[in-house]
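Here is a friendly walk through one protein chain, with the sequence and the model side by side. Please keep both in view as you read.

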Amino acid sequence: MRVTQLVTKSLRDDPPEAETASHRLMLRAGLIHQVAAGIYASLPLAWKSIRKIENIIREEMDKAGGQELLMPALQPRELWEQTGRGAAFGDNLFSLEDRRGRPMVLAPTHEEVVTGIVKANVQSYRDLPVILYQIQTKFRDEPRPRAGLVRVREFAMKDAYSFNADEDSLDDSYQAMAQAYKNIYRRCGLPVLMAEADSGAIGGKDSHEFILATPTGEDTVITCPSCGYTANAEKASGVYRQLDAEAEESLQEVSTPGIKTIDGLAKFLNISDDKTFKAVFYMADGELVFVTIRGDLEVNEVKLKNALHASELRLADDQEVAKAGLVAGSASAIGIQGVKRVGDLSITKGNNFVVGANKLDTHLRGANYPRDFQVDILTDIALAGPGQSCASCGHALEFLRGVEVGHIFKLGTFFSEALGANFLDQGGHQQPIIMGCYGIGVGRLLAAAIEQNHDDKGIVFPAPIAPYQVHLVGLNLADEQVAEEAERLYQELQDQGFEVLYDDRTDGSAGVKFNDVDLLGLPVRLVVSPRNLKAGVVELKQRLDESSSMVPTNDVVATLRALPDVT
Ligand SMILES: [Zn+2]
């Protein structure tokens with residue numbers, strides 16, 4: 001491709017609306033064009049990258065036994081009512097009516113449709129297992145689209161679905177998909193972490209997220225550098241500070257004027273925060289829930305939601321707390337009635353805590369569980385945090401930010417039961433098909449790759465997904481001999497199978513051209529100039545190298561072939 005024919009132009013200045021590096025660089029390098037909030041066109045340079053990613057995905061999915069199909073984005077809403085997901089997605093679901101007034105949706109995912117297809121085609125256990133996948137456009141009416149291609153309202157996704165007769169078979173499909181995902185990321189040149197994830201309310205057993213580490217990512221991953229334990233923040237468990245056992249003291253009121261927070265309380269009484277109990281109030285499906293957790297810990301709302309089997313969970317507001325007769329800032333599980341109480345396991349780890357007294361400006365010393373209060377549910381609802389150690393090996397846990405670039409999930413029989421997708425087992429009995437689902441956001445993977453791989457000059461494309469391998473730059477192209485040599489090299493490299501972007505502009509200065517090369521970040525820069533021509537060489541520089549080398553014109557092809565990843 002010749003730069004003079006390229007429809008896009010690079011921008012010299014940072015677009016003001018871009019918050020993250022990938023968004024800024026993708027706009028500046030002319031990879032994407034914003035049409036509306038969270039809606040982008042992939043321009044030719046990005047589309048070449050995306051097609052490479054898609055090809056890698058297709059090859060690995062096929063190798064793992066997947067069959068590609070294409071399902072419609074436009075679907076009757078009725079299908080979504082049968083599974084209750086119309087309500088569950090709420091305003092995130094793009095809804096519309098056709099000309100006959102029939103409610104329709106633009107699908108954010110395809111479990112309903114794919115289950116219908118399998119229901120119509122699978123009769124017996126002999127027809128299973130089946131893995132179906134597609135690469136297709138999804139729609140999600142995000143309240144806050146952000147970060148370029150990371151959080152958008154229309155996006156390309158590879159979604160796969162497995163259908164199995166039993167749990168062992170599901171496990172095989174799940175492992176095959178996990179391995180395919182690892183292969184896909186490795187072949188894209190991206191070091192992706194596989195993290196245990198929460199499997200949510202639908203009732204699946206296993207779930208893993210694939211996270212590309214970048215400081216600006218929305219997700220937090222907790223890893224153990226010693227044994228390799230990796231989980232996302234919602235799922236992770238850590239071992240927190242242990243306290244020495246003490247002889248139980250009796251409860252004793254203490255005046256705490258104006259103290260409303262754990263920090264304030266700990267300072268006022270000159271104790272550490274792990275010697276206090278923190279009270280947190282939630283509304284779970286409309287019911288007030290009183291949570292007690294050790295003062296040095298935070299509540300993991302996903303774990304709490306799962307423990308309560310709640311479909312909706314949020315913090316209670318002051319009015320809701322007051323209505324239950326509780327004193328915010330000095331609330332306590334001691335003596336309360338008529339409120340559901342949940343205790344984190346940490347309340348059993350220690351003695352003689354300071355806790356609220358349900359009385360303004362007053363706390364109690366010497367609180368001990370279960371002597372002084374009971375709870376309805378006692379379970380682990382603590383968020384793993386910095387300073388905690390690995391539950392398997394004891395090493396200090398590490399925290400990373402990242403972007404989720406894939407998610408695999410054992411669904412169980414939720415969809416097959418809701419939609420009546422059954423099969424006849426070996427004993428001749430009807431059974432619901434067991435399902436799994438497996439997603440990769442394709443555009444998001446490109447954005448995350450750029451987020452992880454850039455410097456202050458521009459993108460540093462991993463070679464396997466770079467739109468072109470070689471950025472050929474001609475300097476002083478008004479010089480006929482230089483133009484002729486650059487043109488010859490451009491043709492030769494293409495004949496040899498290299499993908500080449502040729503900066504054939506006769507007007508640009510060397511500085512402008514080199515800035516554009518660094519901004520787009522293709523793996524290799526080749527320079528043809530009058531001086532190089534005279535010496536019979538071409539200047540070769542890899543994107544991250546400080547210095548370049550001179551390669552005899554006749555050796556260029558062999559030299560490129562010897563570079564890793566450049567084919
Ligand atoms: Zn460990």
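## Terms and ground rules

A helix crossing is called left-handed if the near helix is turned anticlockwise from the far one by less than a right angle, and right-handed if it is turned clockwise. Helices (H or I, at least four residues) and strands (E, at least two) are DSSP runs, numbered from the N terminus.

This is a predicted model, in which local features need pLDDT of at least 70 and side-chain atom pairs count only at pLDDT 80 or more, while totals for chains, interfaces and linings use all residues. Residues are numbered from 1 along each chain as its sequence is written, and side-chain values use heavy atoms, with hydrogens and water left out.

## The chain as a whole

The chain holds 15 helices and 31 strands. Along the principal axes, its C-alpha atoms fill a box of roughly 95 × 65 × 50 Å. Of the 567 residues, 51% are buried; here buried means under 20% relative accessible area, exposed means over 50%, and partly exposed lies in between (1.4 Å probe, protein chains only).

## Helix α2 against helix α6

How do α2 and α6 cross? The axes of α2 and helix α6 (residues 167-187) come within 9 Å and cross at roughly 150 degrees. That angle makes α2 roughly antiparallel to α6. Axes are lines fitted to C-alpha atoms, for helices over the stretch in contact, and angles run from 0 to 180 degrees between N-to-C directions. Angles under 35 degrees count as roughly parallel, over 145 as roughly antiparallel, 65 to 115 as roughly perpendicular and the rest as oblique. The crossing of α2 and α6 is right-handed.

On the α2 side, the contact is made by I56, I57, E59, E60 and M61, and they meet M177, A180, Y181, N183, I184 and R187 of α6. By class, this contact of α2 with α6 has seven nonpolar, one polar and three charged residues. For that tally, Ala, Val, Leu, Ile, Met, Phe, Trp, Tyr, Cys and Pro count as nonpolar, Asp, Glu, Lys and Arg as charged, and the others, Gly among them, as polar.

E54 also sits in helix α2 (residues 44-63). E54 counts as buried because its relative accessible area is 9%. Leaving out residues up to four places away in sequence, E54 touches W47, I135 and V442.

## Helix α1 and its cover

Helix α1 (residues 21-28) packs with helix α11 (residues 442-452) at an angle of about 105 degrees, their axes 8 Å apart. With that angle, α1 is roughly perpendicular to α11. In α1, A21, S22, L25 and M26 meet L446, A447, I450 and E451 of α11. This contact of α1 with α11 has six nonpolar, one polar and one charged residues.

Is α1 mostly covered or mostly open? Seven of its eight residues are buried, so α1 is mostly covered. The cover over the buried residues of α1 includes β1 (32-36), β2 (39-42), α11 and α13 (510-520). Just after α1, G30 takes a positive phi of about 75 degrees.

H309 has a phi near 50 degrees, a positive value in a residue other than glycine. H309 lies in the loop between α8 (301-308) and β16 (313-315), and H309 counts as exposed because its relative accessible area is 72%. D361 has a phi near 55 degrees, also a positive value in a residue other than glycine. At 28% relative accessibility, D361 counts as partly exposed.

## Cysteines

How many disulfides does the chain count? With a disulfide taken as a pair of cysteine sulfur atoms within 2.5 Å, the count is zero. C227 is partly exposed, at a relative accessible area of 40%, whereas C437 is buried, at 13%.

How values were computed: Contact = heavy atoms within 4.5 Å.
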